[in-house]
Amino acid sequence: MKKPIIAIMYDFDSTLSKSDMQDYGFIPALGMSPEEFWAATGEFAKKSGCERILSYMYTMVHLAKEKGIHLTRKLLNEMGKNIEYFPGVETWFKRINKYGKEHGVVIEHYLVSSGTKEIVEGCSIFKEFKEAYGCEFYFDPETDEPIWPKLAINYTQKTQFFFRISKGAYDVTDDKKVNEKEKNHRIPYENMIYLGDGMTDVPCMQLVKNNGGRSIAIYGKGEKSNMKKLLKGGRINYAAVGDYREGSKLDRTIKAFIDSRAIIAKLKEEEEELLKKELSD
C-alpha cells in the first residue's frame with residue numbers, strides 16, 4: 001500500500017519563533033525597537049494606502065537605505081541565525097517524522113509565512129521544510145539589493161497554499177495546475193494540519209478546518225484569551241501553548257491525528273482488499 005502523506009503547515013512568527021523574525025536581527029540593526037518599526041510600517045500604510053504586507057517590505061528597504069545598511073540577501077540570511085524558538089522546535093521535526101514512519105505515515109512540513117523568507121533561509125530549521133513560502137524580494141543581480149517585491153503573502157493569500165500543497169502545485173508562477181480540477185490530490189484535505197498563532201491566520205485555519213483538516217492555534221503563556229474566541233467561533237479545532245517538546249499537549253494532539261489517519265488508511269486498504277476478493281470469487 002502507498003503510505004498516506006500528512007502535511008503540517010506552519011506560520012512562523014509567534015508560531016515557531018517566540019516573536020516576529022525581524023525582531024532578532026533586522027530591527028536591532030536599524031537601532032529601533034519592534035514597536036517603533038511596526039509603527040513606522042503602519043504609518044506608511046495609512047499615508048500611502050499601501051497594503052500592510054507590502055508596506056512592511058517597503059519600510060524594510062527604505063529604513064535600511066536611510067540607515068546606510070547594505071541590505072543584501074546574504075545579510076538577511078545572517079539575521080535568521082539568532083531567532084529564538086518555542087521550546088522543542090529544533091528537535092520537533094525529526095521526532096514527528098520518526099513517529100509518522102513508525103505508524104506507516106509520511107510526514108511533510110511546509111512553511112506558509114507572511115514574514116521575510118530571506119531571513120527564514122538563514123535559520124536553523126529551514127532545511128526541515130519540504131517547501132517554504134514567505135514574502136520575498138527580487139534582488140538586483142549586480143548590487144544584490146532588493147529592488148522589487150518578488151512575492152508578498154498576506155493573511156488571505158495564505159489560503160492558496162492549502163490548495164498548492166494538496167495538489168503538489170508548488171511553483172507559485174504556475175496558476176494552471178493549482179486551478180485545475182483533480183479527482184485525486186497528492187495530499188487529501190483531511191490529511192492536512194495548519195498551525196498558526198491567532199487572528200492573522202484565521203482565513204487559512206478556517207479553510208483547513210472546513211475541508212476536513214485540523215487547525216491548531218498556538219499561543220504564548222498568558223495569551224489564551226484570543227484562542228478562546230477562535231474556539232467558540234468554530235474557527236479552529238484546537239488551541240495549544242507554544243511547547244513542541246515530547247509529551248506536551250501539542251505533541252500529543254499531533255500524534256493522535258497521525259494515529260487516526262494511519263487507522264483510516266489501514267481500514268481503507270482492508271476494504272479494498274475485501275472488495276477485490278469478492279469480485280474475483
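Predicted model: local features only at pLDDT ≥ 70, side-chain atom pairs only at ≥ 80, totals over all residues.
Residues are numbered from 1 along each chain as its sequence is written, and side-chain values use heavy atoms, leaving out hydrogens and water.

Strands here are DSSP runs of E with at least two residues, and helices are runs of H or I with at least four, numbered from the N terminus. Two strands pair if DSSP finds at least two bridges between them. Here is how E2 pairs up:

| Partner of E2 | Sense | Bridges |
|---|---|---|
| E1 (residues 5–10) | parallel | 6 bridges |
| E3 (residues 131–139) | parallel | 4 bridges |

On the E3 side, Thr116 has Cys135 as its bridge partner. Strand E2 (residues 106–116) has 10 of its 11 residues buried, so the rest of the structure largely encloses it. Buried means under 20% relative accessible area with a 1.4 Å probe, protein chains only.

A cavity is a set of points on a 1 Å grid over the protein atoms alone where a 1.4 Å probe fits but cannot get out; lining residues have an atom within 4 Å of a point. Grid points are joined across faces, edges and corners, and a volume is the space filled by probe spheres set on the points. The whole structure has 1 cavity of 30 Å³ or more, and the largest cavity holds about 40 Å³. Its lining includes Val61, Glu145 and Pro146. Helix H3 (residues 52–66) gives the most to that lining, 3 residues.

How values were computed:
1 Å grid on protein atoms, 1.4 Å probe; cavity = no way out; pocket = protein on both sides within 12 Å on 5 of 7 lines; lining within 4 Å. Buried < 20%, exposed > 50% of the residue type's maximum accessible area, 1.4 Å probe, protein only.
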